[in-house]
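Trainee: I have a model open and would like to go through it with you. Can we start with what counts as a contact?
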Amino acid sequence: MVTATTTCSAVDLAALLSSSSNSTSSLAAATFLCSQISNISNKLSDTTFAVDNTYLLFSAYLVFAMQLGFAMLCAGSVRAKNTMNIMLTNVLDAAAGAISYYLFGFAFAFGTPSNGFIGRHHSFFALSSYPERSGSDFSFFLYQWAFAIAAAGITSGSIAERTQFVAYLIYSTFLTGFVYPTVSHWFWSSDGWASASRSDNNLLFGSGAIDFAGSGVVHMVGGIAGLWGALVEGPRIGRFDRSGRSVALRGHSASLVVLGTFLLWFGWYGFNPGSFLTILKGYDKSRPYYGQWSAVGRTAVTTTLSGCTAALTTLFSKRLLAGHWNVIDVCNGLLGGFAAITSGCAVVEPWAAIVCGFVTSWVLIGFNLLAKKLKYDDPLEAAQLHGGCGAWGLIFTGLFASKQYVNEVYSGDRPYGLLMGGGGKLLAAQIVQIIVIVGWVTVTMGPLFYGLHKMNLLRISAEDEMAGMDMTRHGGFAYAYNDEDDVSTKPWGHMAGRVEPTSRSSTPTPTLTV
Amino acid sequence: MSGAITCSAADLSALLGPNATAAANYICGQLGTVNNKFTDAAYAIDNTYLLFSAYLVFAMQLGFAMLCAGSVRAKNTMNIMLTNVLDAAAGGLFYYLFGYAFAFGESSDGFIGRHNFGLKNFPTLTSDYSFFLYQWAFAIAAAGITSGSIAERTKFVAYLIYSSFLTGFVYPVVSHWFWSPDGWASPFRSEDRLFGTGAIDFAGSGVVHMVGGIAGLWGALIEGPRIGRFPDGGHAIALRGHSASLVVLGTFLLWFGWYGFNPGSFTKILIPYNSGSNYGQWSGIGRTAVTTTLSGCTAALTTLFGKRLLSGHWNVTDVCNGLLGGFAAITAGCSVVDPWAAIVCGFVASLVLIGCNKLAELLKYDDPLEAAQLHGGCGAWGLIFVGLFAKEKYVNEVYGASPGRHYGLFMGGGGKLLGAQLVQIIVIVGWVSATMGTLFFMLKKLNLLRISNEDEMQGMDIARHGGFAYIYHDNDDESIRVSGSPIPRAPNPPAV
C-alpha cells in the first residue's frame, strides 16, 4: 500500500499547458505525462510489494527457526531417557500444525469479512481463493503459521516427560487449529472485538488491547494450556518427595539449553520486528529518514534490551538466592524478558524495555517459588515463563506505551500508557485481555486435558515413566556412544529391562522413594 | 514487465508548442532519472533477496553436517563432519574455477557451458555475484548428499576426489542441461524445447537430489555394506546413530535452509505479473514457501503413522527422514503447483521412501543416511509429480507464457511434460552412473576407496582423525596420558 498516490488528471494538466499551444497537442502532452506518472506509480507499487514480501518472508523463516530453538531447549531440559519423545513432539507440532492451520486455523483467525468472535469466510478455508480476496499474500499465511506452531510448542514443555504421545497429537491439533486462531482473531484481525486495529470505530474502551507480537495471544495461550495439562496430570515421579521437598530433576544437556536459547533469541528478531508485516512506509514527510523501517529497528532494539536486562537481573538475583551462577536460570530469565516485551516492543521507548526486563526477572522468580509451594511441576517452567511473564508484558504495555508510537503503529488518536500520561483505558483493555485469555484457554484446554485424563489417554504408566519413554515407546535410547550401547542387536526383553545406561554422570536419577 | 518510463524530447516538444524544447528536455531528463532509480532499486532488492536466500541454502550445509553426525556411530563422528566441511571448502574452490562455467557460462551449446571460467567477465547482464554464490551453495549440497551413502567406511582421500569431480564437473553439466537458457532440456530455452516444453525441475529434485543420491548409490554399492550390517547374509541389523538430538537439530536446520533453496530459486522477487496490482512474483515466492512446508509436514505425519503401524512404536529419526523426503520431492514442482497438491506430494513421498528402504534391505544395500533412497527415490518421485500436477497458470507465470506451454497430466495438460520429466530421470541416472560409477570403481581398483576392517571396527576417528570426538571426563583425555599407555576405549558420556 503506497501512502502518497501519484495521480494525474490529463484534463486538468492540459488546461494548465494550453497557454503555450493549441488544445489538442496540450491534451496529448498531458496524456503522455499522465501515463508516465501512472507507470511510475505502478512501478512504485510493484517495488513496495517486492520489498514488503521479502521482509515478511524472511521474518517468517526466522520465526520458524524458533521451532528449532525450542526443540533444543526442550531436549536439553529433560532427562536423556525422554529426549526422543520431546523432540518428536516438537517436530509434530510443526507438521500437524501446518495441516490444521492450512485447512481451517488460518480461516478462523483471519477469514474476512466475519464477526468479532471468529473468522468465517469460506474462501479462506484451505486457502481457497487466497490471496485474491484478501489484502495480504502467502507470505502473511506462512508468517501466521509460524506463530501458531510456536504456541503449541510452548505447551509441550509443561507436560514433558510423562504424557502419552497420542495426547500430544490431540491437544496440539486442537490448540493450533481452533483455540489459538480464535484468540488471534480477537486481538489481531481487523474484525476482532478487542483488536487495536479494528476498522469500524468500535474499539474496546476506545483503545483496543495492544498485544503487538503476542505476549498474550501466543505466550499466555501456550502457557495457560500447559498449566492445565500439568495440573491435570500431576508432577513427575520423584519431583516432590514424601516430605514435600522439591527435588530438581535436572536436564541432561546444558549445551542444548544454551543452543536452544540463542536460536530462540535469533528467531525473535523475526517474531517481534516482523509483526509490522511491512517495512516500506514513511511516517513523516518532513523527516524522510523516519519511517516504519525506523520503528522496525527500534522494535529489534527494545526486544534485545528487555531480554538482556532480564538475563542480568536473573544472574545476580539467583546468585544471591542460590549461591552460585547458573546458566540455565539465566537462559530462562532471558526468554522471560523476551516473552514480556513481545506485547509492547513496538510502542515503548528503549529505556522502558529495560524496566520491562528487570521486572520480568522477578516475576519469573516469584512464579517459580509459587509453583514450588503449590507442588506444581513444569519441566520447562513454561506456565511460569510464558504465562506469567506474558501477562506481565501485557500490563507493562498498559503502563509504558508512548503516545507517539501508539499513534504511528495504530492510526488515530489513541489512549496510551498510564505512566506516560495516557490514562487508564489502555491498561483496562490489557487487563481484559489477560482475563479473557485465561478464561477461554481454561474452558477449552482444561476440559480437553481432563477428558483425556478420564479416558486414560493423558499420562503414561509409572513403569514407563521410570524406564523413560524413549526405551518403551520410541524405539530406544537417544544416545549410543559405544557400540555396546546399541541395543538394537539385543533381544527386546533385555531392552525393556534397562532403566539407564551405565554412566558416571552427575545427573541425579529419580528414586522410587515416593 | 510494467510499462516502461520513456520520453522523447522531440515529440514532447512538438506537443508543448513553440519554445517548449527546454521544458521537454527538462521533463524527459527527470523521467530518465526516475527510470534509472527504479532500475537501481530493483537490482538492490533482487540481490538482497538472492544473497539472503544463498545464506539460507548454505545453512543447509550445517544442517546436513549435524544430521550426518547424529546418524553415524560416535566413533566416526569427526570423519563424517570433516567430509561435510570439505565438501563446502573444496566445492567452493572447484566450482569457482570451472564448475560455474560448465553450468552457466554464457553463451554455449546444449551440453556444457564454455565461458566465465574463474568468474572471468563477471558480472554479466543477467548474472551477478549473488547468483554465483547461490549456485555454489546448491553445488555443495549435491556433494554433501553423496557423503551420507558412503559414510563410516570410506577413505578420506576418496572423499576428496569424488567431491571435487562431482562439484566441479558432473553436477554442473547436469545443471546446465536443465537450468541454463542454453541447456538442451531446459524449459528456459527460447526455442527448440524438449517435447516443446523442457523438463521442469524448479529447484532441483533431479539436478541436486537425484545426482547426489545416484552418486551415493554407486559408491555404497561398490564398496559394500558396513561390517555387521548384514551379518552372515542374514536380515538387517540397525547400526543406530549416536545422537537423536543432532539428527533433529540437523533436520530442522535443513528445513530452515530449504526456505532459501525453494523460494530462492526464483532468483528475483521484483517482477510484477500485472503492474500496480498486488499479484506478482512475490506471490509465487510466498506460495512456493507454503507448498514446500505442506509437503514436508504431510510426509512427516504420514511417516509417523506409517512407521507406527509397521514397527509398533513412534520413531523421531524416521519422521525426520520422512520430512526430508517430502522436501526433496516437492523441490521440483514447488513453484508450479497448488498448496493442496503439495499435500499429495508429501503423502506419496513418505510411501516411496518406506518402499525404497524395504527394497534396500531386501537387496542388502547399506546406506547410513538412506541418502540414495531419500534423495534418489523421493527426488525421482518429485519429478514425476510435476508432470502430473503442474498448473497451467503457474507454469506460464514462472516460465513465460508462450503458445504450447505444457502442464500437468492430471490438470488437463497432456503427457508431454510428463514425458520430459521421465527423460530427465533416465538421463540423470545414466550420466551419473557413467561418470561416478566409473570413478568409484576405479578408486576401488586402486585400493583407495574402502578402509581396512581393523580401522572400521575401531572407528575412523581413533584410527585416522587423531582421537575420539567426545571427551566427557578428564581421564579420557589422551593428550595428558603418558605415551605408551593403551588408547582408552570410547567413554560413556551422558550428553550430546
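Mentor: Two residues are in contact when they have heavy atoms within 4.5 Å. Keep in mind that this is a predicted model.

Trainee: Fine. Which residues is A:Q67 in contact with, leaving aside its neighbours within four places in sequence?

Mentor: A:N90, A:D93, A:A94, A:I149 and A:A150 from its own chain, and B:F252 from chain B. A:Q67 itself lies in helix α2 of chain A.

Trainee: Is A:Q67 buried or exposed?

Mentor: Buried, because its relative accessible area is 4% and the cut-off for buried is under 20%.

Trainee: And how far is A:Q67 from A:Y283 in space?

Mentor: The C-alpha atoms are 34 Å apart, and the two residues are 216 apart in sequence.

Trainee: How many salt bridges across it?

Mentor: The rule finds zero between chain A and chain B. For polar contacts, the rule finds nine residue pairs across the interface, both residues being at pLDDT 80 or more.

Trainee: Let's step back to the fold. How many helices and strands does chain A have?

Mentor: Chain A has 16 helices and zero strands. Of its 514 residues, 62% are buried. Among contacts in chain A between residues at least 6 apart in sequence, 73% join residues at least 24 apart.

Trainee: Pick one helix. What span does α9 of chain A reach?

Mentor: α9(A), residues 327-341, has 15 residues and reaches 21 Å from first C-alpha to last, close to the 21 Å expected at 1.5 Å a residue. 13 of those 15 residues are buried, so α9(A) is largely enclosed by the rest of the structure.

Trainee: Which residue caps the N-terminal end of α9(A)?

Mentor: A:N326 does, with a side-chain oxygen 2.9 Å from the backbone nitrogen of A:I328.

Trainee: Which peptide bond is cis in chain B?

Mentor: The one from B:F122 to B:P123, with omega near -5 degrees. B:P123 lies in the loop between α3 (77-104) and α4 (129-149) of chain B.

Trainee: And what about phi at B:L119?

Mentor: Phi of B:L119 is near 55 degrees, which is positive although the residue is not glycine. B:L119 is found in the loop between α3 and α4 of chain B. At 12% relative accessibility, B:L119 counts as buried.

Trainee: Where is A:N456?

Mentor: In the loop between α13 (425-454) and α14 (462-467) of chain A. A:N456 has a positive phi of about 60 degrees and is not a glycine.

Trainee: Does A:N456 count as buried or exposed?

Mentor: Exposed, because A:N456 has 61% relative accessibility and the cut-off for exposed is over 50%.

Notes
Residues are numbered from 1 along each chain as its sequence is written. Chains are lettered from A and ligands numbered from 1 in the order in which they are written. This is a predicted model: local features need pLDDT of at least 70, side-chain atom pairs count only at pLDDT 80 or more; totals for chains, interfaces and linings use all residues. Side-chain values use heavy atoms; hydrogens and water are left out. A salt bridge is a side-chain nitrogen of Lys or Arg within 4 Å of a carboxyl oxygen of Asp or Glu. A polar contact is a pair of N or O atoms within 3.5 Å; within protein, one must be able to donate a hydrogen and the other to accept it, and residues adjacent in sequence count only if both atoms are side-chain atoms. Helices (H or I, at least four residues) and strands (E, at least two) are DSSP runs, numbered from the N terminus. The expected span of a helix is 1.5 Å times one less than its number of residues. Buried means under 20% relative accessible area, exposed over 50%, partly exposed in between (1.4 Å probe, protein chains only).
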